[in-house]
Amino acid sequence: MKKYVLITGASSGIGYETAKAFAARGENVIITARRAANLERLKAEIYAAHPEVDVVIRVCDLSNTGETIALYDSLKAYDLKAVINNAGRGNKGGFIDDDLRRDIDMLHLNMDAVYILSSLYARDYKDVEGAQIVNVSSIGGYLVVPGSSLYCATKFFVSALTEAIDLEMRKGGHKLRAKVIAPTTTETEYEQTAHDSNEKFDYAARGGFYFTAKQMADMLLELYDSDATVGSIDFATRGLKLSEPKHPHL
Ligand SMILES: NC(=O)c1ccc[n+]([C@@H]2O[C@H](COP(=O)([O-])OP(=O)(O)OC[C@H]3O[C@@H](n4cnc5c(N)ncnc54)[C@H](OP(=O)(O)O)[C@@H]3O)[C@@H](O)[C@H]2O)c1
């Protein structure tokens, strides 16, 4: 039976490049997001470069719990080699200034969807050799950043959940691995979406160091290939630092 890698948030940025990187290895991919046109463009790009790879599109709003569960249920016929929970977004800032409704949607997207897909996958694949969950957190999932309080809180959730799942799987003697990557600034649609803007954000003009989405996707695959649980950015080398969860009994 063919195996597939499920990648959420594949219509742009890190998810788009991650889907291309898995496809370049000959992995079949299931790509999901809300923008169907972007997913079709990605599918065409992958087919042009790797005609042997199967690409399945699922359009889904992951801020909607029912749609997220239905997405997973719709994939029961596929053998999922890995789930990459990448979809997520930031908020505009200011805890007391933000739009409450928009923030609640972000909570559903950044936390509920990651929990639901991780949980459903873990129940089905906990004893399958090679099965992996890779959840995309952020440096804001390990350090709080004033002005991004709620976003950081959602990413602390992702980091804590993923590290704990991995410890629990290992303690229980299960084969499933759960891993978390914590990107730093990466040139994607992230800033534009967070600020609800129609204009492309100019990362170069802002100054400071940033990664391309392809660089971050390559680091995600480096974590995927490794034995480590956590992938964070080493600012000295500007490369990926692999580590284990901080747990007193490990
Ligand atoms: N870029 C950075 O500097 C940075 C730093 C640290 C962590 N991260 C994390 O990296 C991950 C990927 O973000 P990115 O930087 O690649 O940003 P991006 O280019 O804005 O990509 C975000 C992806 O999430 C999808 N998405 C957003 N809302 C969704 C919804 N309601 N339902 C389903 N999919 C949804 C988007 O697709 P649709 O709009 O088509 O639905 C898009 O494919 C996020 O979890 C982000 O928090 C990014």
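This is a predicted model: local features need pLDDT of at least 70, side-chain atom pairs count only at pLDDT 80 or more; totals for chains, interfaces and linings use all residues.
Let me begin with helix α3, residues 65-73, and helix α4, residues 100-125, which pack at an angle of about 30° with their axes 10 Å apart; axes here are lines fitted to C-alpha atoms, for helices over the stretch in contact, and angles run from 0 to 180 degrees between N-to-C directions.

Residues are numbered from 1 along each chain as its sequence is written.

Now, back to the first pair. α3 and α4 are therefore roughly parallel to each other, given that angles under 35 degrees count as roughly parallel, over 145 as roughly antiparallel, 65 to 115 as roughly perpendicular and the rest as oblique. On the α3 side, Thr 65, Thr 68, Ile 69 and Tyr 72 take part, and they meet a set of α4 residues including His 108, Asp 112 and Ile 116, where contact means C-beta atoms, placed from the backbone, within 7 Å. By class, this contact of α3 with α4 has six nonpolar, three polar and one charged residues; Ala, Val, Leu, Ile, Met, Phe, Trp, Tyr, Cys and Pro count as nonpolar, Asp, Glu, Lys and Arg as charged, and the others, Gly among them, as polar.

α4 also packs with helix α5, residues 149-171, at an angle of about 10° and with the axes 9 Å apart, which makes α4 roughly parallel to α5. Among the residues that meet there are Met 106, Leu 107 and Val 114 in α4, and Phe 157, Val 158 and Leu 161 in α5. The contact of α4 with α5 has eleven nonpolar, three polar and one charged residues.

Let me turn to the ligand. How many residues surround the ligand? There are 30, and the closest are Gly 9, Gly 13, Arg 34, Arg 35 and Gly 88; a residue is near a molecule if its C-beta atom, placed from the backbone, lies within 6 Å of it. By class, the shell has eleven nonpolar, 14 polar and five charged residues.

α1 has a helix partner as well, since α1 and helix α8, residues 213-225, pack at about 55° with their axes 8 Å apart, and the two are therefore oblique to each other. Gly 13, Ile 14 and Tyr 16 are among the α1 residues in this contact, and Ala 213, Met 216 and Leu 220 are among those in α8.

Finally, the chain as a whole has eight helices and ten strands, and its C-alpha atoms fill a box of roughly 50 × 50 × 40 Å, taken along the principal axes.

Definitions and conventions. Helices (H or I, at least four residues) and strands (E, at least two) are DSSP runs, numbered from the N terminus. Two residues are in contact if their C-beta atoms, placed from the backbone, lie within 7 Å.
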